[in-house]
Amino acid sequence: MSAAGANKRISLKLVLMVASAAFGGTLQYGYNLAIMNAPATFIQTFVNETFLERWDIQLKDYQVTLIWSIIVSIFSLGGFAGSLIAGPMTIRYGRKNCLLLNNVFLMTGALLAVTSRAAKSFEMIIIARVLVGINAGISMNVQPMYFGESAPKDLRGAISLSSAVFTAFGVVLGQVVGLREILGSESCWQYLLASNAIPGLVQLLTLPWFPESPRYLLIDRGDKEACIDALRRLRGCEVQSSELDEMLQEQAETKGMRARRPWELFTDRSVRWQLISVMVISSAMQLCGNDSIYFYASYIFKEAGVADDRIQYITIGTGTCELSACILCNLLVERKGRRFMLMGGYILMTVWAVVFTIALLYEHYTPWMPYISMTCIFTYIISFGLGPAGVTGVLPTEIFNQTARPAAYMIAGSMMWLNLFIIGMIFPFLVSEVREYCFVPFGAVCLLSALFVGFFLPETKGKSLSAITSEFNKLNFKGQEEKCVSPDKPLYQLGEVSLSTAL
């Protein structure tokens, strides 16, 4: 389809649906990463005071750091739990209703956070972090699925990548709200932790006005009329017969098949390399260390030699960099393709990790070297936003069919959250113990990820599911005859008649 044809299919309803779902969805992930940096010292003092008041125990520095690491990283375990229940929830309730129900976890967590100080309970903060983690884990799985199934094929990548744009926007918003002049002060940190309820409330008020995923309505529920109505509302015009035919073809291919379970994908050779790809790329997204920068921005900038009174303002620059890069990636992904953006991002991150390590080694010998270190952090984040931040969430939608997609997102989400937890727990100790070499492991992960994408991941831009499956089968059934229908031999002839005729 031409660019002009594509533009005609971008309706106001689709844009507003994306904004509504993302504002209470993946924005929460970025927001809850960022708001923990500003009140770090205040919450650590609160923990110490609580121990002293309850048990007359004065905690040592490493014990406070350990409890703080648990408060920060338990968010990841909540996300892991959320990614596990996201699949069954989307199958039972649908994509849109799943996002709405997800706000129960968020609101409960916000209530615990805002009352934790009055109750003198740091345990309530931990439970609140688990609950908002569950909320983020569900959103990170369901929202890209909802977008990928609702967008036209030629805009699928750009619409799905808006999840990453809103994640980065959430980071910036969290950093701004966390300024000492707003909610990042000693007297307001409990309100900062509970402020994530506001985006959730916006979603609860707006998302019910938008339709469910058309693919879910047709393939999972078998409701063709509801699917057509949803397509008409999202496109702002009459439905293209070719788009409906593609959905009908997928419905025919999956007819009589139930939704797959995660463990079933591990034993299915026909999706072996699809599964390996999403597991590797989802793990790399966290093992590259980018999101840990938001958890521990103060630690990193102190190590780079930045003055304490400037750190809170400089950290806003990190989120702004990723937001700008994600917007640029959104504009380029349909031109350059997923594979190019993903591999290019990881290659650039490898380069900046090396430069950052060199800058840290020589920061005491050259007065301007700390500025090089700080620049490397920004360029590292920009490189992440240009590819891995957005493309990672798009892949499961494009390379798995409707029956396997929820299970694939469960596996991908589990890998992402488990690795975020591991990195979140070890990062402060890594910075304090390894010091100048703290980014060497992350650089190695980025290099290996770029090599994997270059050798094994096919391009998915603008391709139908059958064409993508055919490319993966060259790896899945290497040396054997392909065990799938070739994309140039469809199950039936796609209709050429208009929708009105077909109906």
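**From a loop to the helix packing**

Modeller: Asp 56 lies in the loop between helix H4 (40-55) and helix H5 (61-93), where helices (H or I, at least four residues) and strands (E, at least two) are DSSP runs numbered from the N terminus. This is a predicted model, in which local features need pLDDT of at least 70 and side-chain atom pairs count only at pLDDT 80 or more, while totals for chains, interfaces and linings use all residues. Residues are numbered from 1 along each chain as its sequence is written, and side-chain values use heavy atoms, with hydrogens and water left out.

Although Asp 56 is not a glycine, its phi is positive, at about 55°. Most residues other than glycine have a negative phi. With a relative accessibility of 65%, Asp 56 counts as exposed (buried means under 20% relative accessible area, exposed over 50% and partly exposed in between, with a 1.4 Å probe and protein chains only). Lys 120, in the loop between helix H7 (103-119) and H8, is another residue other than glycine with a positive phi, near 55°, and its relative accessible area of 44% makes it partly exposed.

H8 passes H9 in a right-handed crossing, a term for a near helix turned clockwise from the far one by less than a right angle, left-handed being the anticlockwise case. Met 140, Gln 143, Pro 144, Phe 147 and Gly 148 of H8 make the contact with Arg 156, Ile 159, Ser 160, Ser 162, Ser 163 and Thr 167 of H9, contact meaning heavy atoms within 4.5 Å. The loop between H8 and H9 holds Pro 152, which counts as buried at 0% relative accessibility, and whose C-alpha is 9.3 Å in space from that of Leu 231, 79 residues away in sequence.

Helix H9 (residues 156-177) also packs against helix H2 (residues 12-23), with axes that come within 10 Å and cross at roughly 45°, and the two are therefore oblique to each other. The crossing in which H2 passes H9 is right-handed. On the H2 side the meeting residues are Leu 14, Val 18, Ala 19, Ala 22 and Phe 23, and on the H9 side they are Ile 159, Ser 162, Phe 166 and Phe 169.

H3 passes H8 in a left-handed crossing, with Thr 26, Gln 28, Tyr 29 and Asn 32 of H3 in contact with Arg 129, Val 132, Asn 135, Ala 136, Ser 139, Met 140 and Gln 143 of H8.

Tyr 29 leads on to the aromatic residues. The structure holds 15 aromatic pairs, counted where rings of Phe, Tyr and Trp (its six-membered ring) have centres within 6.5 Å, with planes under 30 degrees apart taken as stacked, over 60 as edge-to-face and the rest as tilted. One of them joins Tyr 29 and Trp 417 edge-to-face, at 5.4 Å centre to centre and with 85° between the planes. Since Tyr 29 lies in helix H3 (residues 26-34) and Trp 417 in helix H23 (residues 405-434), the pair ties together parts that are 388 residues apart in sequence. Tyr 29 is buried, with a relative accessible area of 2%, and Trp 417 is buried too, at 0%. Elsewhere, Trp 273, Phe 452, Phe 455 and Phe 456 form one aromatic cluster.

Notes: Axes are lines fitted to C-alpha atoms, for helices over the stretch in contact, and angles run from 0 to 180 degrees between N-to-C directions. Angles under 35 degrees count as roughly parallel, over 145 as roughly antiparallel, 65 to 115 as roughly perpendicular and the rest as oblique.
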